[in-house]
Amino acid sequence: MPRPVNGYQWTDHPILETPSPEDLEKLSPGALLEVYQTREHAIVAEKYDPLNCGFELATWAGSRDLLSQANVDELVIFGGNRSGKSEFSAKLVVECSLANPGSTLWCFAQNKENSIQMQQRYVWKYLPPKLREKITRANGKDPTAISFSQKNGFSGGKLVFPNGSEIIFRNYEQKVQTIEGGEVGCRNPTSINLGVWCDELVPMAFLETLRLRLVTRDAKMLVTFTPKDGVTIVVKDYL
């Protein structure tokens, strides 16, 4: 909610602090207006285009650096609830889809409901604004077009980009046999060649099968979960 300070309504923001009245009093009227407009514009831009104008946690750059290394095939991110794991992962999925034309990315969740709430809504958030607007305009008008709703996620659990990249949303309640034989990642990547994002407790059978799916395109896998159950079989495997 905006707060009045020195005659201006300053929008609350978790990172961009509202300048103190003491600091603002040191500015000329013109400088004060510039500071106010610059800050408010940044907040509006973040909401409109979080992919390009959003703020990031300091650890996100380190995660990208690790996945960029040739000898890193899998990255596991542990973290508590609301620690930003899904935000980072969804943004990375969109970044890789845009940077690597013709790529295939699989996103796994515990079930269909979690896929919609924990993965698909975050991927939707980080889509380029023009693509979000295009999908919104197509909703309900063309049964063959991509659509998205907060209740049902992406139609068919799939998102296809104009550059031919596709994101397919799956879950661990499906049979592991349904992913055998598929290929993920990009044949000629120009960025991080991400092929799979597994959220929360990925079953060992899925993990072993997915590793085989990464090989043909030399793709990488991102695994994120809250280790509330301690040393599970998957955690033990990584350790």
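1. Basis. Local features in this predicted model need pLDDT of at least 70, side-chain atom pairs count only at pLDDT 80 or more, and totals for chains, interfaces and linings use all residues. Residues are numbered from 1 along each chain as its sequence is written, and side-chain values use heavy atoms, leaving out hydrogens and water.

2. Overall. The chain has nine helices and ten strands, taken as DSSP runs (helices H or I, at least four residues; strands E, at least two) and numbered from the N terminus. Of its 239 residues, 46% count as buried, that is, under 20% relative accessible area with a 1.4 Å probe, protein chains only.

3. Strand S3. Residues 74-78 form S3, with Leu75 and Ile77 on a covered face and Glu74, Val76 and Phe78 on an uncovered one. In a regular strand the side chains alternate between the two faces of the sheet. S3 runs parallel to strand S10 (residues 220-225), joined by five bridges; pairing requires at least two DSSP bridges. Opposite Ile77 stands Thr224 of S10.

4. Largest core. A nonpolar core is a set of buried Ala, Val, Leu, Ile, Met, Phe, Trp, Tyr and Cys residues joined through side-chain atoms within 4.5 Å. The largest has 30 residues, and Val123, Leu127, Phe154 and Ile167 touch the most other members. Elements giving two or more residues include S3, helix H6 (112-125) and strand S8 (166-171). Helix H5 gives the most, six residues.

5. Second core. A separate core of 21 residues includes Ile168, Tyr172, Val176 and Ile179.

Notes
Buried < 20%, exposed > 50% of the residue type's maximum accessible area, 1.4 Å probe, protein only.
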